[in-house]
Amino acid sequence: MKEQDLAGLLRDIFATEKVAVLATSAEGQPYGSLVAFAATGDLEQLLFATDRSTRKYVNLLNDPRVSLVIDNRREMKSGLSNALAVGAVGKAEELKGSDQEGMTEIYVSRHPYLADFVRSHEVAFFTVRVEYYVVSSFAQGVRLEMPLR
């Protein structure tokens, strides 16, 4: 599959799916949690917000390396054999000030019901700068390096 086709596939999945599993780590142990996410148009960044009182927030402060998994299994009426999963690997960075403003608009346009949440002082807003994606099905996987060419 060509990179343009993979990029289109990512955009299609990201257009229909709104939740990802975020994997962080602490003291050598993995930790998974659900997050509402949004992607930038160039697919180079994934965005999410979390309350500063959460374990994932503390984990992110100690180790910014993350993975997010997004899949389209709920769209597959014919079974999981046709489902696709997207793994995004990168580093999370908390955005503040002017860096946060434009990204918040992208996020809120995708999740308008979270507008008050994401703008709260108790909430941290993160971008994940994606290093690569892995798109996989039960049968195969393809790695897509960033940035897209």
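1. How many of the seven residues of strand β4 (residues 45-51) are buried? Six of them are, so take β4 as mostly covered, where buried means under 20% relative accessible area. Keep in mind that this is a predicted model.

2. On one side of the pairing story, β4 partners strand β3 (residues 38-39), antiparallel, through two bridges. If you want a landmark there, look for Ala 38, which sits opposite Leu 47 of β4. The β3-β4 hairpin leaves five residues between its strands, and Leu 43 has a positive phi, near 65°.

3. β4 also pairs with strand β7 (residues 123-136), again antiparallel, and here seven bridges do the joining. Phe 48 is a handy one to click on: its bridge partner in β7 is Phe 126.

4. Now for another set of strands. Strand β1 (residues 19-26) runs antiparallel to strand β5 (residues 65-71), with three bridges between them. Strand β5 is in turn joined to strand β6 (residues 85-95) by seven bridges, also antiparallel.

5. Ala 23 stands opposite Ser 67, and Ser 67 has Val 89 as its bridge partner in β6.

6. Last, have a look at helix α3 (residues 98-110). The helix kinks by about 25°, and the kink is centred on Thr 104. Thr 104 is itself among the buried residues of α3, along with Gln 100, Met 103, Tyr 107, Val 108 and Arg 110. When you view that list, remember that residues three or four places apart in an α-helix point the same way, because a turn takes 3.6 residues.

Notes:
Residues numbered from 1 in each chain as written. Predicted model: local features only at pLDDT ≥ 70, side-chain atom pairs only at ≥ 80, totals over all residues. Heavy atoms only, no water. Buried < 20%, exposed > 50% of the residue type's maximum accessible area, 1.4 Å probe, protein only. Helix = DSSP H or I, 4+ residues; strand = E, 2+ residues; numbered from the N terminus. Pairing = 2+ DSSP bridges. Bend = angle between axes of the 7 residues up to and from the residue.
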